[in-house]
Amino acid sequence: MNAERGAMIGSEKWIVACGVEDIEVGEVVSIEHEGRALAVYRVSEDIFYSTDDICSHGYAHLSQGFFEDCTIECPLHGGQFDIRTGKGLCEPITTDIQTYQVRIRNAHVEIALGALLPDHQFTG
Ligand code: FES
């Protein structure tokens, strides 16, 4: 998927990542925006999260890993992250990943680039 559209709202730049129906509950997808790889996760019908898609330990796409509840496991060495906070949960992870604010607009998932917020889930 490719998110080409962007909009400046306040100081945040919101980009359209994908349609809500493009992600099944329990699924993670990867999008590219201006050379940046982002992962978008759907935890439930109306709860989404977004993180960097590239692992902080090496070059691997987290979106190709194992996603369960709010944890993503890297497909390369098995490092795990909490997708709500970006926090590394086990070895070999030593650096957290960035998370992004997510909202739903017009049946699309939008991500705020540059926004690093402690609570970035969208709940309706
Ligand atoms: S590249 Fe992800 S755990 Fe090593």
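Glycine 19 stands opposite histidine 108 in S10. The model is predicted.

Five bridges join S9 to S10, and the two run antiparallel. Within this pairing, glutamine 101 has alanine 112 in S10 as its bridge partner. S9 and S10 form a hairpin with two residues between them. Asparagine 106 sits in the turn and has a positive phi of about 50°.

Strand S9 covers residues 99–105 and contains valine 102. Is valine 102 buried or exposed? Valine 102 has 23 C-beta neighbours inside 10 Å, so it counts as buried; the cut-off for buried is 20 or more. Valine 16 lies 86 residues from valine 102 in sequence, yet the C-alpha to C-alpha distance is 10.0 Å.

A further sheet involves other strands. This open sheet has three strands in the order S6-S7-S8, with antiparallel pairing. Strand S6 (66–68) and strand S8 (80–82) stand at the edges with a single partner strand each, so one side of each lacks a neighbour in the sheet. Neighbouring strands here are turned by 15° against each other on average, direction ignored. Strand S7 (residues 71–73) runs antiparallel to S8 and is joined to S8 by three bridges. In S8, aspartate 82 stands opposite threonine 71.

| Strand pair | Bridges | Direction |
|---|---|---|
| S9 and S10 | five bridges | antiparallel |
| S7 and S8 | three bridges | antiparallel |

Key
Residues are numbered from 1 along each chain as its sequence is written. This is a predicted model: local features need pLDDT of at least 70, side-chain atom pairs count only at pLDDT 80 or more; totals for chains, interfaces and linings use all residues. Two strands pair if DSSP finds at least two bridges between them. Helices (H or I, at least four residues) and strands (E, at least two) are DSSP runs, numbered from the N terminus. Axes are lines fitted to C-alpha atoms, for helices over the stretch in contact, and angles run from 0 to 180 degrees between N-to-C directions. A residue is buried if 20 or more other C-beta atoms lie within 10 Å of its own, exposed if 12 or fewer, and partly exposed in between; C-beta atoms are placed from the backbone.
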